[in-house]
Amino acid sequence: MTKSVSTSNRPHKQHTPEFRQEALKPIERSGVAAAARELSLYESQRYGWRKKQHQARSGSEREQQQFVEIALLKRQLGERDEELAIHQKAATYFAKRLK
């Protein structure tokens, strides 16, 4: 026999991203618990928001590092293409001279 689990009658409140950003600022000063009490929020909400913010930051840092690496690799590839073109011209020149 299964018992249905009822959720609380309290409506689920959605907070804007701006509110979440501002709500995370007091954490550095007073900690998660005190900051949550100040705004009448659950500590778990603050922890979740902080985790998402950290993941977003680290994700963007990784993307930026990847863009830098891609730019470097493109530049190296271009240099190799130029070197290859020079070697091909030299090989053609010397091959004509040997005939």
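What percentage of the 99 residues in the protein is buried? In this predicted model, buried residues make up 13% of the 99 residues.

**View 1. Overall fold of the predicted model, which contains three helices and zero strands.** Followed along the sequence, the elements of the protein are arranged in the pattern α-α-α. Of the contacts in the protein with a separation of 6 or more, 31% are accounted for by residues 24 or more positions apart. The protein exposes about 9,300 Å², and carbon and sulfur atoms supply 55% of that area.

**View 2. A patch of negative charge on the surface, formed by E79, D81, E82 and E83.** One of the residues gathered in this patch is E79, which is found in helix α3, the helix that spans residues 43–98. The relative accessibility of E79 is 39%, and E79 therefore counts as partly exposed, since this class lies between the limit for buried, under 20%, and the limit for exposed, over 50%.

View 3. Y47 can be viewed together with V32, from which Y47 is separated by 15 residues in sequence, while the distance between the two in space, taken from C-alpha to C-alpha, is 7.4 Å.

Terms used. Residues are numbered from 1 along each chain as its sequence is written. This is a predicted model: local features need pLDDT of at least 70, side-chain atom pairs count only at pLDDT 80 or more; totals for chains, interfaces and linings use all residues. Side-chain values use heavy atoms; hydrogens and water are left out. Helices (H or I, at least four residues) and strands (E, at least two) are DSSP runs, numbered from the N terminus. Buried means under 20% relative accessible area, exposed over 50%, partly exposed in between (1.4 Å probe, protein chains only). Contact means heavy atoms within 4.5 Å. Accessible areas come from the Shrake-Rupley method with a 1.4 Å probe; for residues, only the protein chains shown count as cover. Patches are made of residues with over 30% relative accessible area and no salt bridge: like charges are joined within 9 Å, nonpolar side chains (Val, Leu, Ile, Met, Phe, Trp, Tyr) within 5 Å. A salt bridge is a side-chain nitrogen of Lys or Arg within 4 Å of a carboxyl oxygen of Asp or Glu. Lys and Arg count as positive and Asp and Glu as negative; His and the chain ends are not counted. The place of a charge is taken as NZ of Lys, CZ of Arg, CG of Asp or CD of Glu.
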